[in-house]
Amino acid sequence: MALSGCYAILKYLVVIINFIFFVAGIAVVGVGIWILTDSTMYLQVVQDDTNFHTGLYIMIAAGALMFIVGFLGCCGALRESPCMLVTFFSFLLVILVVEVAAGCWVYTNRNELENMLQDHVKQTVEIDYGTIDYRTKTFDTIQKHLKCCGANGPRDWSSARFNQANKKSGSGMDLALSSSPQFYRLPLSCCNTPDSRQICDDASRIGLSAKIPVVMYKEGCIDKLKEVLSDHMVIAWALLITIAVLEIFGLIFSLVLCCAVRSVDRYKS
């Protein structure tokens with residue numbers, strides 16, 4: 001019951017679209033697993049542990065569903081199976097509805113998400129840094145790569161638990177300096193000359209009323225992270241819209257193809 005003419009072209013268009021879904025599903029699963037296993041990803045600072053891992057599991061599940069949908073669509077089109085095409089259409093419709101709902105939610109709650117970013121970065125600086133290992137590594141990576149220091153600036157570290165820990169665990173000269181109320185320390189990741197360890201170490205000890213040394217970054221990480229997320233959000237919206245358009249074409253083409261296959265079956269019978 002091979003299709004011919006325009007329907008044959010439509011058949012292979014469906015195959016191509018579904019192959020894209022198939023590859024995209026593998027990519028989404030791979031990226032989700034990578035983020036889940038990489039403790040230095042920026043996103044681990046902007047969400048709490050539960051939300052972060054729940055979001056990643058949903059992302060991996062969505063990728064697996066895209067993989068299955070792509071497989072069903074390819075097989076259904078190549079085998080000209082109405083059952084597979086209908087199953088593909090149903091799954092794809094659900095995915096499209098969920099994507100549109102998620103996109104609308106993100107857009108309408110963008111201000112709340114921005115506030116959440118600020119709150120979690122402040123919490124990381126004030127409480128978690130130096131006490132939770134993976135958050136410490138993550139924030140060190142952020143400060144090095146984004147060339148920033150603290151939440152709103154280097155002076156945020158003066159009241160951070162990181163300096164309280166220094167007061168309790170310091171020894172010798174470090175203890176005398178860090179325990180003094182006139183001084184506080186900056187993480188070495190705030191230093192813009194990381195190859196000069198001694199210079200960074202000396203500059204990290206700062207008086208409360210002293211100017212921030214020139215070798216230390218002076219911009220806060222909240223604004224830097226907002227810039228990064230804003231830039232990536234444009235790419236994310238573009239990809240989401242592109243995928244949604246492909247899904248709409250996939251829905252239309254698969255429905256037309258299914259009707260064509262059934263018409264051929266009825267004609268032959």
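Let me start with Cys 221, which is buried at a relative accessible area of 0%, where buried means under 20% relative accessible area and exposed over 50%, with partly exposed in between, for a 1.4 Å probe and protein chains only. What we are looking at is a predicted model, in which local features need pLDDT of at least 70 and side-chain atom pairs count only at pLDDT 80 or more, while totals for chains, interfaces and linings use all residues. Residues are numbered from 1 along each chain as its sequence is written, and side-chain values use heavy atoms, with hydrogens and water left out.

Cys 221 is joined to Cys 148 by a disulfide, S to S 2.1 Å, a disulfide being a pair of cysteine sulfur atoms within 2.5 Å. Cys 148 sits in the loop between helix 6 (133–146) and helix 7 (161–169) and Cys 221 in helix 10 (residues 221–268), so the pair ties together parts 73 residues apart in sequence; helices here are DSSP runs of H or I with at least four residues, and strands are E runs of at least two, numbered from the N terminus. The torsion about this S-S bond is about 95 degrees, so the link between Cys 148 and Cys 221 is right-handed.

Turning to the other bonds, Cys 149 and Cys 190 also form a disulfide, with their sulfur atoms 2.1 Å apart, and Cys 191 pairs with Cys 200 at 2.0 Å, in a link that is left-handed at -70 degrees.
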